[in-house]
Amino acid sequence: MKNIAKAQEPFKFCTRLHLSELTGLRATTLGQLLDLIKEVPGSCIYHHTHRFLQQHQYLSPEPPNDFAYWVADILGEDELGERLVSIDTMQYSTIRDLRVKIASTIEDYLNDNPLAKMRFARSGEEFHFIKSVSFILPTAYVVYDLKEFVEVLKKITIDSIYFHIFEARLRLEKPTNDFSFWIEHSLGDKELAYEISRFDPYTSTLEDLRKKIVQIIARRIVQ
Amino acid sequence: MAKIEEYIPLVGQSVIDDLSLLSERLKGKVIQHINSTPVGGGVAEILNRMVPLLRELGVDTKWDVIKGGEQFFAVTKKFHNALHGRAEEITSRDFEVFMETSQQNVEGIDTYGDVVFIHDPQPIALVKKKSANKWLWRCHIDVSNPNDKIWGFLMDFIVQYDSAVFSAPAFSQKLPIRQFLISPSIDPLSDKNKELPQETIASVLRKYDIKKDKPIITQISRFDRLKDPLGVIEAYLRVKKYTDCQLILAGGTAEDDPEGSKVLEEVQERAKNDPDIHILLLSQNDIEINALQRASDIIIQKSIREGFGLTVAEALWKAKPVVASNVGGIPLQIKHKYSGLLCHSVGGASFAMKQLLNSPEYAKKLGENGREHIKNNFLITRHLRDYMLLFLSLYHPEDIVRLC
């Protein structure tokens with residue numbers, strides 16, 4: 001095994017815990033959903049496009065967002081559901097851009113299918129807008145090299161992995177995920193950083209994501 | 001009572017580490033819970049488990065109880081029913097009784113907490129004592145269709161709180177204060193949910209003369225029309241036409257509920273000619289409920305209305321395939337076809353049960369997914385975490401709170 005490179009700046013694992021804040025806003029039709037998507041806080045858009053990742057971390061990676069689930073399963077608009085499911089979240093670096101894409105996808109669909117405006121959700125099946133409130137806390141884990149990094153990665157909470165991969169990039173608007181950023185800038189390993197950053201984490205469960213990153217880094221350590 | 005470290009084998013060390021991280025941020029704050037009773041009812045049950053655990057984590061937690069006579073609690077029971085959407089005649093005298101007792105409590109209770117955490121409508125008027133401290137109102141009731149008169153009356157108090165907490169998104173209303181979604185939870189180490197030896201399960205079945213020679217379908221619920229026990233029997237009979245099986249309807253006695261006794265009679269009458277239907281009156285015996293759930297092949301919860309429906313979480317925690325109505329908090333616990341099957345009717349319930357009996361691998365997968373979902377979202381450890389985050393939110397109005 002080659003010597004393990006030590007970083008100048010350590011990687012400090014943080015964790016992100018969240019509370020769901022209710023807004024009292026609800027939609028029963030696609031038109032109402034669209035209007036509210038345009039005006040609710042970004043924290044709502046974030047909640048409804050990322051909640052499933054954390055709450056259903058053990059399942060196959062579907063359905064990835066609440067809007068897609070609601071229009072398909074409650075309103076019966078399967079085609080729009082598919083269009084919303086297939087929005088490539090990785091392409092969007094801010095919640096603002098993601099919101100615009102979701103809204104325009106619904107708008108385009110309504111233009112093509114005006115009858116879809118007539119669909120109503122049954123009582124009790126309305127879409128309720130919820131905000132995600134994030135609390136970011138440092139953990140006790142601070143590492144200086146890949147070996148230490150991978151050992152912590154194996155045992156850290158899923159919330160920590162979630163924070164460094166998803167929230168840091170999209171909600172805190174960093175250029176890439178925290179792991180790739182540290183590996184590239186503090187360890188100087190551009191290749192490994194790229195390998196991790198090119199995953200589409202939205203098509204894995206969080207546990208699978210943990211396993212994949214652990215495997216890649218473990219392989220790198222013995223190279 | 002279980003200690004916090006006893007949860008580590010169930011949820012992992014890292015989850016408990018997170019709880020410790022949060023509790024450090026609450027050092028120096030006194031959290032004062034206030035409700036209407038120290039025993040009996042869901043709120044007292046959960047506080048009896050949570051208060052000692054919060055203390056063990058280092059959060060200075062107190063619990064006080066208001067005083068109220070028979071008249072007061074008769075009025076608050078009416079409020080409770082009206083908030084659930086039931087027709088109730090509420091007189092101006094009822095409001096006077098509520099306010100008189102509330103005033104006595106305002107004068108008699110010391111609200112010393114840095115955070116005063118009020119549970120349900122009975123102590124809601126204590127907020128008149130609000131000073132520089134923070135006040136939370138926790139609504140444990142389904143208020144998706146509340147009686148306007150009562151809701152309007154309570155609203156005068158609610159708006160004085162810093163934040164409100166509800167159990168399901170459908171229970172939220174437009175409010176001028178912050179409101180949070182915190183689901184209730186089950187305690188995996190309580191008598192109702194802990195692992196049981198096979199011998200205990202077998203002895204409970206023996207006690208009630210139930211043989212494990214054909215699949216068991218079970219609904220655990222009090223005998224109440226809103227739990228639709230007659231609909232459960234109808235669904236079971238439709239299943240039995242194709243697959244031989246047996247049904248257990250088990251629930252508490254309904255001595256204080258005249259309608260409950262009538263429902264029980266109707267259920268017994270409907271079941272009398274079928275020896276495979278077991279009607280069991282259990283007087284709050286958690287070990288027996290646990291054993292019956294564990295002995296079952298399918299758990300059904302065919303409620304017409306439901307507050308949250310924690311019996312579903314209890315069943316899923318035992319990795320049982322569940323068929324349940326798509327009402328109240330149940331869809332939060334079951335994602336249809338992932339972690340159970342949701343239904344809207346007797347026909348839907350019987351079809352789902354037939355599917356599960358005929359596809360045991362599918363049923364097993366749903367049960368396993370259900371257990372994971374409960375583990376991640378509906379155990380008391382998640383509830384502790386949410387409550388500590390809630391307390392912190394009182395000091396942080398922003399959407400992204402950096403505690404680094």
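This is a predicted model: local features need pLDDT of at least 70, side-chain atom pairs count only at pLDDT 80 or more; totals for chains, interfaces and linings use all residues.
In chain A, buried residues make up 41% of the 223 residues, where a residue is called buried if 20 or more other C-beta atoms lie within 10 Å of its own, exposed if 12 or fewer, and partly exposed in between, with the C-beta atoms placed from the backbone. Residues are numbered from 1 along each chain as its sequence is written, and chains are lettered from A and ligands numbered from 1 in the order in which they are written.

Let me stay with chain A for a moment. Its secondary structure comes to ten helices and two strands, taken as DSSP runs numbered from the N terminus, with helices being H or I of at least four residues and strands being E of at least two. Read along the sequence, chain A has the pattern β-α-α-α-α-α-β-α-α-α-α-α, and its C-alpha trace spans about 65 × 30 × 25 Å along the principal axes. The mean pLDDT of chain A is 89, with 95% of its residues at 70 or more; pLDDT is the predictor's confidence in each residue, from 0 to 100. Within chain A, confidence is lowest in helix 2 (residues 42–55), at a mean of 86, and highest in helix 1 (residues 30–39), at 98.

How many residues does each chain bring to the contact between them? Chain B gives 35 residues and chain A gives 28 residues, two residues being in contact if their C-beta atoms, placed from the backbone, lie within 7 Å. On the side of chain B that touches chain A, helix 15 of chain B gives the most, with six residues. By class, that side of chain B has 17 nonpolar, nine polar and nine charged residues, where Ala, Val, Leu, Ile, Met, Phe, Trp, Tyr, Cys and Pro count as nonpolar, Asp, Glu, Lys and Arg as charged, and the others, Gly among them, as polar.

Helix 15 (residues 380–393) of chain B also packs against helix 3 (residues 42–56) of chain B, and their axes come within 11 Å and cross at roughly 65°. The contact is made by B:Arg49, B:Met50, B:Leu53 and B:Leu54 of helix 3 and by B:Ile380, B:His383 and B:Leu384 of helix 15, and these residues divide into five nonpolar, one polar and one charged.

Now to the interior of chain B. Why is helix 11 (residues 310–317) of chain B described as largely enclosed by the rest of the structure? Eight of its eight residues are buried, so the description follows from that count. What covers the buried residues of helix 11 of chain B includes strand 7 (216–220), helix 10 (286–295) and helix 14 of chain B. Just after helix 11, B:Ala319 takes a positive phi of about 60°.

Not counting residues up to four places away in sequence, B:His278 touches B:Tyr208, B:Ile210, B:Gln246, B:Leu247 and B:Ile248.

Technical notes: Axes are lines fitted to C-alpha atoms, for helices over the stretch in contact, and angles run from 0 to 180 degrees between N-to-C directions.
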